[in-house]
Amino acid sequence: MSNPRVRIRNVQHDRVNFVLEGVDIGFANSLRRVVMADIPTVAIDIVEIETNTTVLADEFIAHRLGMIPLISTNCDEGMRYTRDCTCLSNCKYCSVVLYLDVSCQEGGTMDITSDHLQVVGYNSGYRFTSGPAYSDPASDGGEELSKRGDGFGNPVGKDDDNVPPVLITKIRKGQGLKLKCVARKGIAKEHAKWSPCSAVSFEYDPHNKLRHTNYWFESDERAEWPLSENAKEEEPPRDDMPFDFNAKPEKFYFEVETTGALSPKEVIMKVTTNSG
(Lines give C-alpha, C1' and ligand atoms only; values in the text may rest on other atoms or scores of the structure.)
Protein backbone atom coordinates (compact mmCIF):
# COMPACT_ATOMS: atom_id res chain seq x y z
CA MET A 1 0.00 0.00 0.00
CA SER A 2 1.46 3.36 -1.07
CA ASN A 3 1.17 6.62 0.83
CA PRO A 4 -2.51 7.49 1.37
CA ARG A 5 -3.72 10.64 -0.37
CA VAL A 6 -6.94 12.59 0.14
CA ARG A 7 -8.40 15.06 -2.35
CA ILE A 8 -11.41 17.10 -1.28
CA ARG A 9 -13.85 17.61 -4.16
CA ASN A 10 -16.75 19.36 -2.47
CA VAL A 11 -17.52 20.64 1.03
CA GLN A 12 -20.88 21.91 2.24
CA HIS A 13 -22.22 22.72 5.68
CA ASP A 14 -23.55 19.18 6.16
CA ARG A 15 -21.55 16.98 3.77
CA VAL A 16 -18.16 16.39 2.23
CA ASN A 17 -17.12 14.57 -0.94
CA PHE A 18 -13.52 13.42 -1.27
CA VAL A 19 -11.29 10.94 -3.08
CA LEU A 20 -9.08 8.56 -1.10
CA GLU A 21 -6.13 7.01 -2.96
CA GLY A 22 -3.18 4.80 -2.16
CA VAL A 23 -5.06 2.44 0.19
CA ASP A 24 -6.72 -0.96 -0.15
CA ILE A 25 -10.42 -1.70 0.17
CA GLY A 26 -10.03 -2.94 3.76
CA PHE A 27 -8.63 0.41 4.85
CA ALA A 28 -11.39 2.30 3.01
CA ASN A 29 -14.09 0.23 4.67
CA SER A 30 -12.44 0.68 8.07
CA LEU A 31 -12.54 4.43 7.52
CA ARG A 32 -16.25 4.22 6.72
CA ARG A 33 -16.95 2.23 9.89
CA VAL A 34 -14.94 4.61 12.10
CA VAL A 35 -16.79 7.62 10.67
CA MET A 36 -20.14 6.02 11.49
CA ALA A 37 -19.45 4.44 14.87
CA ASP A 38 -16.33 5.71 16.68
CA ILE A 39 -16.63 9.51 16.82
CA PRO A 40 -18.26 10.79 20.04
CA THR A 41 -21.21 13.15 20.04
CA VAL A 42 -23.82 14.30 22.55
CA ALA A 43 -27.34 12.82 22.52
CA ILE A 44 -30.30 12.64 24.88
CA ASP A 45 -29.89 9.52 27.01
CA ILE A 46 -32.35 9.96 29.90
CA VAL A 47 -35.88 11.35 29.67
CA GLU A 48 -37.97 12.11 32.75
CA ILE A 49 -41.58 12.74 31.76
CA GLU A 50 -43.76 14.56 34.25
CA THR A 51 -46.79 15.27 32.08
CA ASN A 52 -47.77 13.60 28.82
CA THR A 53 -51.31 14.02 27.54
CA THR A 54 -50.34 13.64 23.88
CA VAL A 55 -51.40 10.73 21.69
CA LEU A 56 -47.92 9.20 21.85
CA ALA A 57 -46.68 6.88 24.59
CA ASP A 58 -43.81 7.93 26.86
CA GLU A 59 -41.43 5.39 25.29
CA PHE A 60 -42.20 6.62 21.78
CA ILE A 61 -41.49 10.23 22.72
CA ALA A 62 -38.29 9.26 24.55
CA HIS A 63 -37.04 7.45 21.44
CA ARG A 64 -37.79 10.44 19.21
CA LEU A 65 -35.99 12.77 21.63
CA GLY A 66 -32.92 10.53 21.63
CA MET A 67 -32.66 10.70 17.85
CA ILE A 68 -32.64 14.53 17.73
CA PRO A 69 -29.08 15.62 16.82
CA LEU A 70 -27.50 18.01 19.33
CA ILE A 71 -24.65 20.42 18.69
CA SER A 72 -21.54 18.50 19.80
CA THR A 73 -18.64 20.62 18.57
CA ASN A 74 -15.41 19.58 20.33
CA CYS A 75 -17.33 17.30 22.70
CA ASP A 76 -14.37 14.90 22.91
CA GLU A 77 -12.54 17.56 24.95
CA GLY A 78 -15.52 19.59 26.17
CA MET A 79 -17.39 16.79 27.92
CA ARG A 80 -16.59 13.71 29.99
CA TYR A 81 -18.03 10.27 29.62
CA THR A 82 -20.37 9.59 32.53
CA ARG A 83 -18.28 6.56 33.46
CA ASP A 84 -15.17 8.76 33.80
CA CYS A 85 -16.75 11.58 35.82
CA THR A 86 -16.26 11.98 39.56
CA CYS A 87 -19.86 13.02 40.24
CA LEU A 88 -22.38 10.71 41.87
CA SER A 89 -25.00 10.89 39.12
CA ASN A 90 -24.88 13.67 36.51
CA CYS A 91 -23.15 17.04 36.56
CA LYS A 92 -22.36 19.88 34.17
CA TYR A 93 -19.06 18.24 33.18
CA CYS A 94 -20.58 14.97 31.95
CA SER A 95 -24.12 15.90 30.91
CA VAL A 96 -26.38 18.60 29.52
CA VAL A 97 -29.92 19.14 30.82
CA LEU A 98 -32.72 20.13 28.46
CA TYR A 99 -36.22 21.10 29.50
CA LEU A 100 -39.49 21.08 27.56
CA ASP A 101 -42.86 22.38 28.76
CA VAL A 102 -45.49 22.93 26.04
CA SER A 103 -49.27 22.99 26.19
CA CYS A 104 -51.95 23.93 23.66
CA GLN A 105 -54.51 26.45 24.87
CA GLU A 106 -56.14 27.29 21.54
CA GLY A 107 -58.04 25.42 18.84
CA GLY A 108 -56.29 23.64 15.99
CA THR A 109 -53.18 21.50 15.93
CA MET A 110 -49.87 22.57 17.48
CA ASP A 111 -46.48 21.10 16.63
CA ILE A 112 -44.00 20.30 19.39
CA THR A 113 -40.55 20.40 17.83
CA SER A 114 -36.89 20.39 18.80
CA ASP A 115 -37.05 24.21 18.97
CA HIS A 116 -39.06 23.85 22.19
CA LEU A 117 -36.14 22.12 23.95
CA GLN A 118 -34.26 24.53 26.21
CA VAL A 119 -30.83 23.91 27.70
CA VAL A 120 -30.92 24.73 31.43
CA GLY A 121 -28.15 24.92 33.99
CA TYR A 122 -27.87 22.73 37.04
CA ASN A 123 -28.30 25.81 39.20
CA SER A 124 -31.40 27.04 37.34
CA GLY A 125 -33.68 25.99 40.18
CA TYR A 126 -35.76 23.66 38.02
CA ARG A 127 -36.63 20.44 39.82
CA PHE A 128 -39.16 17.72 39.26
CA THR A 129 -41.47 16.76 42.07
CA SER A 130 -40.27 13.18 41.65
CA GLY A 131 -37.48 11.27 40.00
CA PRO A 132 -33.79 10.75 40.76
CA ALA A 133 -31.79 13.58 42.22
CA TYR A 134 -28.89 15.10 40.32
CA SER A 135 -25.58 15.61 41.99
CA ASP A 136 -23.85 18.95 42.25
CA PRO A 137 -21.14 19.74 39.70
CA ALA A 138 -17.84 17.98 40.23
CA SER A 139 -15.41 19.90 42.38
CA ASP A 140 -12.15 18.85 40.75
CA GLY A 141 -11.80 21.99 38.62
CA GLY A 142 -12.48 20.50 35.21
CA GLU A 143 -11.71 22.60 32.13
CA GLU A 144 -14.30 20.99 29.88
CA LEU A 145 -16.77 23.89 29.96
CA SER A 146 -14.28 26.35 28.45
CA LYS A 147 -13.72 24.08 25.46
CA ARG A 148 -17.36 23.92 24.37
CA GLY A 149 -18.54 25.89 21.37
CA ASP A 150 -21.52 28.18 21.07
CA GLY A 151 -24.87 26.46 21.45
CA PHE A 152 -23.32 23.28 22.82
CA GLY A 153 -26.05 20.74 23.63
CA ASN A 154 -28.80 22.62 21.79
CA PRO A 155 -30.74 20.85 19.03
CA VAL A 156 -29.17 21.33 15.60
CA GLY A 157 -30.79 24.26 13.79
CA LYS A 158 -32.49 25.67 16.86
CA ASP A 159 -33.86 29.17 16.12
CA ASP A 160 -32.40 28.99 12.61
CA ASP A 161 -35.04 29.78 9.99
CA ASN A 162 -33.00 27.99 7.33
CA VAL A 163 -33.07 24.66 9.19
CA PRO A 164 -36.47 23.04 9.81
CA PRO A 165 -36.87 21.72 13.37
CA VAL A 166 -37.43 18.05 14.19
CA LEU A 167 -41.05 17.23 14.88
CA ILE A 168 -41.57 15.45 18.21
CA THR A 169 -45.37 15.20 18.28
CA LYS A 170 -48.58 17.11 17.56
CA ILE A 171 -51.10 18.22 20.18
CA ARG A 172 -54.58 19.73 20.28
CA LYS A 173 -56.32 22.02 22.77
CA GLY A 174 -56.02 20.74 26.33
CA GLN A 175 -53.01 18.52 25.63
CA GLY A 176 -49.45 19.12 26.75
CA LEU A 177 -46.00 17.71 27.31
CA LYS A 178 -43.61 18.45 30.14
CA LEU A 179 -40.30 16.65 30.49
CA LYS A 180 -36.65 16.86 31.37
CA CYS A 181 -33.82 15.34 29.33
CA VAL A 182 -30.24 14.50 30.21
CA ALA A 183 -27.84 14.41 27.28
CA ARG A 184 -24.58 12.48 27.56
CA LYS A 185 -21.53 11.79 25.43
CA GLY A 186 -21.29 8.48 23.63
CA ILE A 187 -20.45 6.72 20.38
CA ALA A 188 -22.64 4.90 17.87
CA LYS A 189 -21.24 1.53 18.90
CA GLU A 190 -23.43 1.97 21.99
CA HIS A 191 -26.46 3.39 20.15
CA ALA A 192 -27.07 4.84 16.67
CA LYS A 193 -28.26 8.14 18.19
CA TRP A 194 -24.62 9.05 18.86
CA SER A 195 -23.56 8.72 15.22
CA PRO A 196 -22.41 12.06 13.76
CA CYS A 197 -23.38 10.91 10.26
CA SER A 198 -26.70 10.19 8.61
CA ALA A 199 -25.10 8.54 5.56
CA VAL A 200 -21.60 7.36 4.63
CA SER A 201 -20.85 5.76 1.28
CA PHE A 202 -17.95 5.07 -1.02
CA GLU A 203 -17.60 3.81 -4.57
CA TYR A 204 -14.64 2.31 -6.40
CA ASP A 205 -14.04 1.12 -9.95
CA PRO A 206 -17.02 2.99 -11.49
CA HIS A 207 -16.40 1.35 -14.89
CA ASN A 208 -16.38 -2.12 -13.28
CA LYS A 209 -13.00 -2.97 -14.78
CA LEU A 210 -12.37 -5.39 -11.91
CA ARG A 211 -15.67 -7.17 -12.59
CA HIS A 212 -16.65 -7.16 -8.93
CA THR A 213 -20.26 -6.45 -9.93
CA ASN A 214 -22.62 -8.45 -12.13
CA TYR A 215 -25.30 -6.22 -13.64
CA TRP A 216 -28.79 -7.63 -14.11
CA PHE A 217 -30.42 -6.01 -17.12
CA GLU A 218 -33.18 -6.70 -19.65
CA SER A 219 -31.84 -5.27 -22.91
CA ASP A 220 -29.21 -2.54 -22.56
CA GLU A 221 -26.75 -2.76 -19.66
CA ARG A 222 -25.41 0.79 -19.95
CA ALA A 223 -28.85 2.38 -20.31
CA GLU A 224 -30.22 0.53 -17.31
CA TRP A 225 -27.06 0.99 -15.21
CA PRO A 226 -25.74 4.46 -16.06
CA LEU A 227 -22.28 5.47 -14.94
CA SER A 228 -21.90 7.70 -11.91
CA GLU A 229 -20.14 11.05 -11.91
CA ASN A 230 -17.09 9.28 -10.49
CA ALA A 231 -16.55 7.57 -13.85
CA LYS A 232 -15.24 10.90 -15.18
CA GLU A 233 -12.23 10.49 -12.88
CA GLU A 234 -11.01 7.32 -14.63
CA GLU A 235 -10.30 6.15 -18.15
CA PRO A 236 -12.98 3.84 -19.56
CA PRO A 237 -11.91 0.25 -20.34
CA ARG A 238 -10.85 -0.71 -23.85
CA ASP A 239 -12.11 -3.84 -25.57
CA ASP A 240 -8.57 -4.80 -26.56
CA MET A 241 -7.26 -4.55 -22.99
CA PRO A 242 -6.66 -7.95 -21.33
CA PHE A 243 -8.30 -8.56 -17.96
CA ASP A 244 -5.94 -8.29 -14.99
CA PHE A 245 -6.91 -10.95 -12.46
CA ASN A 246 -4.53 -9.50 -9.85
CA ALA A 247 -5.73 -5.89 -10.05
CA LYS A 248 -7.00 -4.31 -6.84
CA PRO A 249 -8.91 -1.08 -6.24
CA GLU A 250 -6.81 1.81 -4.98
CA LYS A 251 -9.10 4.79 -5.54
CA PHE A 252 -12.24 5.35 -3.48
CA TYR A 253 -14.88 8.07 -3.85
CA PHE A 254 -16.38 8.99 -0.48
CA GLU A 255 -19.57 10.90 0.33
CA VAL A 256 -20.12 11.73 4.02
CA GLU A 257 -23.34 13.39 5.16
CA THR A 258 -23.50 14.56 8.76
CA THR A 259 -26.48 15.06 11.07
CA GLY A 260 -25.28 18.56 11.97
CA ALA A 261 -24.02 17.54 15.41
CA LEU A 262 -20.48 17.90 14.03
CA SER A 263 -19.31 19.66 10.90
CA PRO A 264 -17.96 17.53 8.03
CA LYS A 265 -14.50 18.99 8.59
CA GLU A 266 -14.51 18.00 12.27
CA VAL A 267 -15.72 14.49 11.43
CA ILE A 268 -12.93 13.89 8.92
CA MET A 269 -10.29 15.42 11.17
CA LYS A 270 -11.33 13.26 14.11
CA VAL A 271 -11.50 10.06 12.07
CA THR A 272 -8.01 10.79 10.73
CA THR A 273 -6.77 11.13 14.30
CA ASN A 274 -8.53 7.95 15.45
CA SER A 275 -7.25 5.98 12.47
CA GLY A 276 -3.71 7.25 12.78
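In which loop is the place of Ser195? Ser195 lies in the loop between β8 (176-186) and β9 (197-204), strands being DSSP runs of E of at least two residues and helices runs of H or I of at least four residues, numbered from the N terminus. The structure is a predicted model in which local features need pLDDT of at least 70 and side-chain atom pairs count only at pLDDT 80 or more, while totals for chains, interfaces and linings use all residues. Residues are numbered from 1 along each chain as its sequence is written, and side-chain values use heavy atoms, with hydrogens and water left out.

Ser195 is buried, with a relative accessible area of 11%, where buried means under 20% (1.4 Å probe, protein chains only). Not counting residues up to four places away in sequence, Ser195 touches Met36, Thr41, Ala188 and Thr259, a contact being heavy atoms within 4.5 Å. The side chain of Ser195 reaches the backbone oxygen of Met36 at 3.0 Å and that of Cys197 at 3.1 Å. The C-alpha atoms of Ser195 and Asp38 are separated by 8.0 Å, although these residues are 157 apart along the chain.

Strand β8 also belongs to an open sheet of 4 strands, ordered β3-β8-β4-β6 with antiparallel pairing, where two strands pair if DSSP finds at least two bridges between them. Because β3 (41-52) and β6 (118-120) stand at the edges, each with a single partner strand, one side of each is left without a neighbour in the sheet. Strand β4 (residues 96-103) and β8 pair over 8 bridges, and Tyr99 has Lys180 of β8 as its bridge partner.

Conventions:
Buried < 20%, exposed > 50% of the residue type's maximum accessible area, 1.4 Å probe, protein only. Polar contact = N/O pair within 3.5 Å; in protein donor to acceptor, adjacent residues only side chain to side chain.
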